[in-house]
Amino acid sequence: MLERLEKENKELRKVVLQKDDKGIHQRKVKKSLIDLYSEVLDILSDYDSNYNTQDHLPRVVVVGDQSAGKTSVLEMIAQARIFPRGSGEMMTRSPVKVTLSEGPHHVAMFKDSGREFDLTKEEDLAALRHEIELRMRKSVKDGQTVSTETISLSVKGPGIQRMVLVDLPGVISTVTAGMAADTKETIFSISRAYMQNPNAIILCIQDGSVDAERSIVTDLVSQMDPQGKRTIFVLTKVDLAEKNLSSPSRIQQIVEGKLFPMKALGYFAVVTGKGSAGESIDSIKDYEEDFFQGSRLLRDGMLKAHQVTTKNLSLAVSDCFWKMVRESVEQQADAFKASRFNLETEWKNNYPRLRELDRNELFEKAKNEILDEVISLSQVTPKHWESILQKKLWERVSTHVIENIYLPAAQTMDSGTFNTTVDIKLKQWTDKQLPHKALEVAWETLQEEFARFMAEYKGKDQDDIFDKLKEAVKDESIKRHKWNERAMDSLRVIQHNALEDRSITDKPQWDAAIQFMEETLQSRLKDTESVIHDMVGPDWKERWMHWTNRTGDQHIRNETKNELERLLKLQEDHTAYLANDEVTTVRKNLESRGVDVDPVLIKDTWHQLYRRHFLQKALAHCNLCRRGFYYYQRHFVDSELECNDIVLFWRIQRMLVITANTLRQQLTNTEVRRLEKNVKEVLEDFGEDTEKKTQLITGRRVQLAEDLKKVREIQEKLEAFIEALHKEK
């Protein structure tokens, strides 16, 4: 009669819950109550406080030896076969938090997913088991067997007792093949971490079908709860135990707490099926009830009626859970209130003028700043782009122009040979190197301008907490940016055409070319003078004023220089290279003065002296050519003044101007926009990567804001839960 009435009551409650969305107020409060509590636990699982506000909120921790039937007990309480199963192998690889509550439909849902699994349909059950297994395997890091990462799941259904259970990996005695070496210790560590909570209810599962002496978990539970004030002991597979044991009184000793040294609040004996993976929950319930009704353990009084069946176990665990919650929740709320006060005080003292922004809020702020900086690139004036590009390109190619084009051509004897040499070398240069060098310069200029805008923005009261993030975004964006290489072919044609043109149309262009040539040659002359100075050491004035002396090598170099300068004075039109007999003559002259010198040193010194001599002559010629524009227009006919070198520098200068203009157009029309797109993509990727944000936005200020946000959220959830708990009373 009792069973019939319970069944009718269950059906009536289901009808009432389904009747409308409002339901019964009392039942609705109960439903929301456990959800509120579960939310608090979810937040706490991610919370890491430096203020030692430990998570002491109650939950039911399910522990047991591997294959002791731990997961099966949990499934009976949840009234659904929701967990992956295997024959003897480890299936629970990470903690699984299951929030149980009553509802009109038997459904399950993950914390971070909107999908509802209908637990009355076998295909949904199979999908749920598969998803749990996938999440477990995903949470396990490479080289490990188990994970500390918690999977959160809620199960609702008619007649389900409200509570929060955490299923832990089964305790093992030996690490087998395929397992990580530290698997045993890791499982022990996870189990201890959950059980050391003074308000956790320990549901200790013991396999009744094996010798009690083989159990590992009972010793572990005894260490964590020696007085047994929060432990509930469950003996599984009692049907097999009764069949196999010659002395049934041994089972009685176990459930009376006399066989093990461990103590417990209550002892239960359950049967969770015949061991078949395909058994339904209803068939297991029927089998369990039939077994205990016919069992002599119950008939002979060895077991009491309230100690058997998973139904009675579920009721007892739920009562114990809520009793523990009511006793401890307000104390926990006070602890987090105190922690919040401490954190807020630290913030006020250290960051009084700053808003409390957590890591995600700081990322959004930095994201907007970076996008503003990138947009600023499009506001750079064409004149600024071209000026930078022209200057950098000349810095990159000037050495090649002087050393490989101008100087070799200038050594020739007549203007025809000069122009021929120049034309050949310019074409070779344009075909092989110049376009590539120009694109390199443009790419570097874009990077430098991007970095400059970031640095300038930083000066405007920018927060240095973003420095690492901005640097990473800049580096990653530049890494992803691929310059349009097709531009090289069109650039090569443009540069060819610019360098082939020799027609200087007016005097200002002629004067500009002369100025360009003078500045270039003066710079080279200054460098050459510096090299000569380093070779020969300080002169008499420097030695007298700074108390310095020449080294032995510098003395030899200086004597060699003096001798070679005499040679140059005698032959001002000397070629670039010394003849062997001239080297011998110089060497003998030096030896006569007691200076022993190597021929290589003579040639090396000559190279620098001749270079200086040539540059000085070229500069003097450059000055003469200021009045040469008239002769240039007449193609130097009947003129002793030839200024082909001015024409060369005009061609180079014009090529630089046209190249800078072409590159600027490509930058402003294409590359800046593509870089902006790359920056946006990088920011989107970083925004979805929590680990990346944690690496790039760091510091006590960030952690303090994160902790404050978490503590406030926990406190608010706890207060809402406590209020609902008081209403339920």
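Visitor: At what angle do helix H18 (residues 507-536) and helix H20 (residues 552-570) pack?
Guide: Helices here are DSSP runs of H or I with at least four residues, and strands are E runs of at least two, numbered from the N terminus. The axes of H18 and H20 (lines fitted to C-alpha atoms over the stretch in contact, with angles from 0 to 180 degrees between N-to-C directions) are 7 Å apart, and the angle is about 125 degrees.

Visitor: What kind of model is this?
Guide: Residues are numbered from 1 along each chain as its sequence is written, and side-chain values use heavy atoms, without hydrogens or water. Local features need pLDDT of at least 70 and side-chain atom pairs pLDDT 80 or more, while totals for chains, interfaces and linings use all residues, since this is a predicted model.

Visitor: Which residues of H20 make the contact with H18?
Guide: Contact means heavy atoms within 4.5 Å. H18 brings Ile532, Asp534, Met535 and Val536. From H20 come Gln554, Arg557, Asn558 and Lys561.

Visitor: How are H11 and H26 oriented to each other?
Guide: Helix H11 (residues 310-350) and helix H26 (residues 700-728) have axes that come within 9 Å and cross at roughly 150 degrees. Angles over 145 degrees count as roughly antiparallel, under 35 as roughly parallel, 65 to 115 as roughly perpendicular, and the rest as oblique. H11 and H26 are therefore roughly antiparallel.

Visitor: Which methionine is in contact with Trp429?
Guide: Neighbours within four places in sequence are left aside here. The contacts of Trp429 then include Val397, His400, Leu434 and Ile652, and the methionine is Met655.

Visitor: Is Leu128 buried or exposed?
Guide: Leu128 sits in helix H4 (residues 122-139), and among the residues it touches are Ile82, Phe110 and Leu153. Buried means under 20% relative accessible area, exposed over 50%, and partly exposed in between, using a 1.4 Å probe and protein chains only. With a relative accessible area of 0%, Leu128 is buried.

Visitor: What separates the C-alpha atoms of Ile172 and Asp65?
Guide: Ile172 lies in the loop between strand S6 (163-167) and helix H5 (183-195), and it counts as buried at 5% relative accessibility. Ile172 and Asp65 are 107 residues apart along the chain, and their C-alpha atoms are separated by 6.2 Å.
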